[in-house]
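Dear colleague,

My notes on it follow directly after.

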Amino acid sequence: MPEIAYVDGEFMELSEARVSVEDRGFQFGDGVYEVVRCYRGTPFALEEHLGRLERSAAGIELPLPEDARRLGELAVEALHRSGISESVLYMQVTRGWAPRNHAFPETVKPTLVITVRPAKPAPPDRTVLGVPVITVPDERWLRCDIKSTDLLPNVIAKEKARRAGALEAIMIRDGAYVTEGASTNVFAVKDGTIHTAPEGPRILSGITRSIVLRLAREKGMSIVEDFFTPGFLAGADEVFITSTTLEVVPCVKVDGRPVGDGKPGPVARALASAYSAEVARRIGQPPQAEVRGLMPHG
Ligand SMILES: Cc1ncc(COP(=O)(O)O)c(C=O)c1O
């Protein structure tokens, strides 16, 4: 099955896709993007992702080259052309190409790129075993609600995690409070209450985050959307992270120290399961609990 790209009006194999070296995405990270997980050939939460793309673009005064409805059609066409069933759909819009100059070009012709690639299968026992994470300083700008392609601090944070043998780097702003992961939102559970940073300029408002919070509310779980300290994180009964591609992942070690009893806790596991069922419900397929490693062994 071919990996597909769409660049400014044309579909092609991903390996053939090119943009100019003068593209402002390349020169300045002057663009916005979305990542959508597709299950069995169907994009999950596409509308929510397109809504966020519109907000991100508006946040940097970037006119989208197509409206959300047309972007959705192009995304679905890319998916169909690729024929890949379990895939990751990537959409990026930059402020186009122009001779290098920081200020916006006088006439902007945004560059639109869409790609479809196979989703990397998660280790089947990830939800059962949990993952280690580390903490790092949050060195990003103060418009983290904009899903900008300018990801250098996130890239560096993720590389620190990789070198430490951890899956994610949880970012701490000003040494004082937890914001989010390099590419995930972060949740800490204490005495049965779920804590997570509030929406606003200091985090990316995750699509998975909002779905998981809704599922938690439906289960009657108590939720506090407020910042919490690194100390609170270290003393949490459970920690978990969410994202489009990772879904819901329990974290069992923070900076080498066990979280709670060092095993995925009941809240994270219940929400991982509920998320999986929500995907199945929206995609219209039965839950694949065994495949996703959500069933307890024995
Ligand atoms: C910084 C950051 N926070 C949170 C998320 C999770 O967002 P979503 O659930 O929409 O994938 C991402 C996703 O890439 C991210 O980059």
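Strand 1 (residues 4–7) pairs with strand 6 (residues 111–118) in the antiparallel sense, over four bridges. Within this pairing, I4 has V116 of strand 6 as its bridge partner. Please bear in mind that this is a predicted model.

The two strands belong to an open sheet of six strands, which follow the order 2-1-6-5-3-4 with antiparallel pairing. Strand 2 (10–13) and strand 4 are the edge strands; each has a single partner strand, so one side of each is left without a neighbour in the sheet.

Strand 6 also holds T115. Its relative accessibility is 10%, and because buried means under 20%, T115 counts as buried. Leaving aside neighbours within four places in sequence, the residues in contact with T115 are I4, A5, L14, V88, L89 and Y90.

Helix 3 lies across strand 1, strand 2, strand 3, strand 4, strand 5 and strand 6, and runs at about 35 degrees to strand 6. Helix 2 lies across strand 3, strand 4 and strand 5, and its direction is at about 175 degrees to strand 3.

After helix 2 comes E61, which has a positive phi, near 55 degrees.

E61 is also one of the residues in contact with R95. R95 lies in the loop between strand 5 and strand 6. Is this arginine, R95, buried or exposed? With a relative accessibility of 3%, R95 counts as buried. A polar atom of the R95 side chain lies 2.8 Å from the backbone oxygen of I60, and a polar atom of that side chain lies 3.0 Å from the backbone oxygen of E61. Leaving aside neighbours within four places in sequence, R95 is in contact with R24, D30, I60, E61, L62, F104, P105, V108, K109 and P110.

Yours sincerely

Key:
Residues numbered from 1 in each chain as written. Predicted model: local features only at pLDDT ≥ 70, side-chain atom pairs only at ≥ 80, totals over all residues. Heavy atoms only, no water. Pairing = 2+ DSSP bridges. Contact = heavy atoms within 4.5 Å. Axes fitted to C-alpha atoms, helices over the stretch in contact; angles between N-to-C directions. Buried < 20%, exposed > 50% of the residue type's maximum accessible area, 1.4 Å probe, protein only. Polar contact = N/O pair within 3.5 Å; in protein donor to acceptor, adjacent residues only side chain to side chain.
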